Amino acid sequence: MSRVLLGIFSCHRYQYTSQGDREWIQRPTTNRVQGIRDSWLKDVTFDYKIVKGRANGAPRSDELFLNCADDYRHSTEKIRALIRYTLDNGYDYLLKIDDDVYAYWDRILKNIPTADYVGGGPFGRTIPSEWICSGMTYWLSRHSMETIINAPPLGSAEDRCVGGVLMRAGIRCAFDLRYYIAP
């Protein structure tokens, strides 16, 4: 059976202040992680970690503090550090989920992918007419993770970096319409 790590992308403090983050400024800065712990995370049967960047202090047992910046502008650095952790700890798949996503865990368990890169739904973004998975939730196989680690990063947005590196290697997102952004 494949070993799967659920990596919940989070941060120590939500701080959306630059003009380029205009969309994020209006988002609530409530404790998303506690909301996850109080709801769907109770049903998770895989190994999981709530992933944050560098910090003073010790992480809780379900948290992982990576040696990387903890802000949105450095999300590529954070995903690469999470992938390195995932590979170093013998996992076959990484399911990356943002901390503002609600997951129906029973449905996820029924649909563990066998493709190298899965997610996105109809809101995938384009990079000159080529599709990548949306960053809110996606799966990476060991092959995809190794491809990403062995290539130079592309840009500062983790979903564009992951998708761009994989596209260049001939690995395209296998879109699954069950992963979508609810308006």
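# Exercises on a predicted chain

Helix α5 (residues 142–149) lies across β4, β5 (117–119) and β8, at about 90 degrees to β8. Here axes are lines fitted to C-alpha atoms, for helices over the stretch in contact, and angles run from 0 to 180 degrees between N-to-C directions; contact means heavy atoms within 4.5 Å. Helices (H or I, at least four residues) and strands (E, at least two) are DSSP runs, numbered from the N terminus.

This is a predicted model, in which local features need pLDDT of at least 70 and side-chain atom pairs count only at pLDDT 80 or more, while totals for chains, interfaces and linings use all residues. Residues are numbered from 1 along each chain as its sequence is written, and side-chain values use heavy atoms, with hydrogens and water left out.

## Exercise 1: the whole chain

Task: Find how many helices and strands the chain has, and what share of its residues is buried.

Solution: 
- Step 1. Begin with the secondary structure: there are six helices and nine strands.
- Step 2. Next, burial. Of the 183 residues, 49% are buried, where buried means under 20% relative accessible area, exposed over 50%, and partly exposed in between (1.4 Å probe, protein chains only).
- Step 3. Finish with contacts. Among those with a separation of 6 or more, 69% are between residues 24 or more positions apart.

## Exercise 2: the sheet

Task: Work out in which order the strands of the open sheet stand, and which strands are at its edges.

Solution: 
- Step 1. Recall a general point: strands of a sheet pair through backbone hydrogen bonds, either parallel or antiparallel. Two strands count as a pair if DSSP finds at least two bridges between them.
- Step 2. Walk across the sheet. Its seven strands follow the order β3-β2-β1-β4-β8-β5-β9, with mixed pairing.
- Step 3. Look at the ends. β3 and β9 (174–175) each have a single partner strand, so one side of each lacks a neighbour in the sheet.
- Step 4. Zoom in on one pair. β1 and strand β4 (residues 93–98) run parallel and are joined by six bridges. Leu6 faces Leu95 in β4.
- Step 5. α3 lies across β1, β2, β3, β4 and β8 (137–141), and runs at about 160 degrees to β1.

## Exercise 3: salt bridges

Solution: 
- Step 1. Take Arg3 and Asp47, whose closest N and O atoms are 3.5 Å apart. Arg3 is in the segment before β1 (4–9) and Asp47 in strand β2 (residues 47–52), so this pair ties together parts 44 residues apart in sequence. Arg3 is partly exposed at 35%, and Asp47 is partly exposed at 39%.
- Step 2. Move to Arg37 and Glu63, which meet at 3.6 Å, N to O. Arg37 is in helix α2 (residues 32–38) and Glu63 in strand β3 (residues 63–65), 26 residues apart. Both are buried: Arg37 has a relative accessible area of 13%, and Glu63 has 11%. Together with Lys52 and Asp62, they are linked in a salt-bridge network.
- Step 3. Compare Arg84 and Asp88, with N and O 3.2 Å apart. They sit in helix α3 (residues 75–88), four residues apart, about one turn of the helix. Arg84 is partly exposed at 35%, whereas Asp88 is exposed at 53%.

## Exercise 4: the cysteines

Task: Find which cysteines form a disulfide, and say whether the disulfide is right-handed or left-handed.

Solution: 
- Step 1. A disulfide is a pair of cysteine sulfur atoms within 2.5 Å. The whole structure has one.
- Step 2. The partners are Cys133 and Cys173, with sulfur atoms 2.0 Å apart.
- Step 3. The torsion about their S-S bond is about 85 degrees, so the disulfide is right-handed.
- Step 4. Check burial. Cys133 is buried at 1%, and Cys173 is buried at 11%. Two further cysteines are Cys11, buried at 14%, and Cys161, buried at 0%.

Conventions: Salt bridge = Lys/Arg side-chain N within 4 Å of Asp/Glu carboxyl O.
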